[in-house]
Amino acid sequence: MHVILHLIPKKYLIGGALILLGLSGLLMMGTFVAITGGLESENQQGEVTEIEGGGIGVGTANVSPEVMRYQPLLEKYAQKHGLDASYVPIMMALMMQESGGRGSDPMQSSESFCGSVGCISSPELSVDKGVLHFKSVLEKAHYDLKLCLQSYNFGGGFINFAMKHGGKYTPELAIEFSQIQYQKVKHTGNYHCVRPEMVPYSACYGDALYVNAVLKYYTGTIAADGKPTTPSGGGSGSKSGVKVIEAGETLIGKTRYVFGGGRSQSDINAGRFDCSSFVRWAFEQVGVNVGPLSGVTTDTLKTQGQAINPKDMKPGDVVFFDTYKIDGHVGIYVGDNKFLGCQGKTGVAIASMEKDTYFGDKFNGRVKRF
């Protein structure tokens, strides 16, 4: 068998392996899609509650509940380290590949932090240092996101290698780098192929197919500058924003707030919504997809789109309120310190955000433009 492999040009072997990986990835993708809750409830003040789900930036992180619980920490340390929140879903996908959200070092960041495996025993420290390392690698990779991901696995040496061989990530370069590095370390006996399909190439240093392994947990598109792209459809805060409001206003007086409502067509037909499902429905009417029907929550909405200074709010922007928790309620800004949302006592209605009103006091300053 190995004689036959030596007779076949390397580029055809690599191409064949990548095709097989793609086919296997399609079969596996459905297995790991996380089930999100995202339900809301009403209290006596008209406040709403929402079960944490999450993982949507411009795209969606299809991850386990164990990984989803780290979304708030990933957001916290992305903000601390000056990393755009749109990268949070990608980092959730990375964590899913690294650990599935389990253990004391869920981002497997010990080695980048202190040079040895096992020196981190605090999940929060792991997230802190993992986000910092991700940002550092992303910058060194000149925002080539795939190069960043592969370097998170291989180490910074892969960036230098890529820069000398075309300047950007390719699967072929990853396999070649793994081959070269493995020849240097195989005598130690500490390195073994994590993927059987890499054995014929002796590409047993790290995971040469790490990029696809991470991205199978992520649904979305990636721009040339390495950032997840903004959804098509014109965006809010513009003429399309006005259209979102006009669409949402058609439900005023025709709906009622229901815990977990709006996540099936029968609910929608009957006018049963909660705050996040209503926002999703309104944007869907103008051709903007902000998440799956069954999985949208305030936590999935808040990592989408572009962050806007509250001073620059425009009609159609999405606004968040700290009710029973951070970002517990969401609505669509209509102007004049008012927003359109599905509230506990009124169903879909326009409510005030003026100072000294309930929602005015709960507004947390988070504004997103889709």
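The model being predicted, local features need pLDDT of at least 70 and side-chain atom pairs count only at pLDDT 80 or more, while totals for chains, interfaces and linings use all residues. Residues are numbered from 1 along each chain as its sequence is written, and side-chain values use heavy atoms, with hydrogens and water left out.

Side chains of opposite charge can pair when their charged atoms come close. Taking a salt bridge as a side-chain nitrogen of Lys or Arg within 4 Å of a carboxyl oxygen of Asp or Glu, the count comes to 13. One of them links Arg-272 to Asp-267, with the closest N and O atoms 2.7 Å apart. Burial is judged by relative accessible area (buried under 20%, exposed over 50%, partly exposed in between; 1.4 Å probe, protein chains only). On that scale Arg-272 is partly exposed at 23%, whereas Asp-267 is buried at 14%.

Arg-280 pairs with Glu-284, their closest N and O atoms being 3.4 Å apart. The two are four residues apart in α14 (residues 275–284), so about one helical turn separates them. Arg-280 is buried at 9%, but Glu-284, at 39%, is partly exposed.

Then there is Lys-302, which bridges to Asp-327 with 3.1 Å between the closest N and O atoms. Lys-302 lies in the loop between α15 (298–301) and β5 (306–307), and Asp-327 in the loop between β6 (318–321) and β7 (329–335), so the pair ties together parts that are 25 residues apart in sequence. Both ends are buried, Lys-302 at 6% and Asp-327 at 0%.

Turning to helix packing, the axes of α5 (residues 88–98) and α7 (residues 123–140) come within 12 Å and cross at roughly 115 degrees. Such axes are lines fitted to C-alpha atoms over the stretch in contact, with angles running from 0 to 180 degrees between N-to-C directions. The crossing is right-handed, meaning that the near helix is turned clockwise from the far one by less than a right angle. Where the helices touch (heavy atoms within 4.5 Å), Ile-90, Met-91, Leu-94 and Met-95 of α5 meet Val-127, Val-131 and Phe-134 of α7. By class, this contact has seven nonpolar residues, no polar and no charged ones, where Ala, Val, Leu, Ile, Met, Phe, Trp, Tyr, Cys and Pro count as nonpolar, Asp, Glu, Lys and Arg as charged, and the others, Gly among them, as polar.
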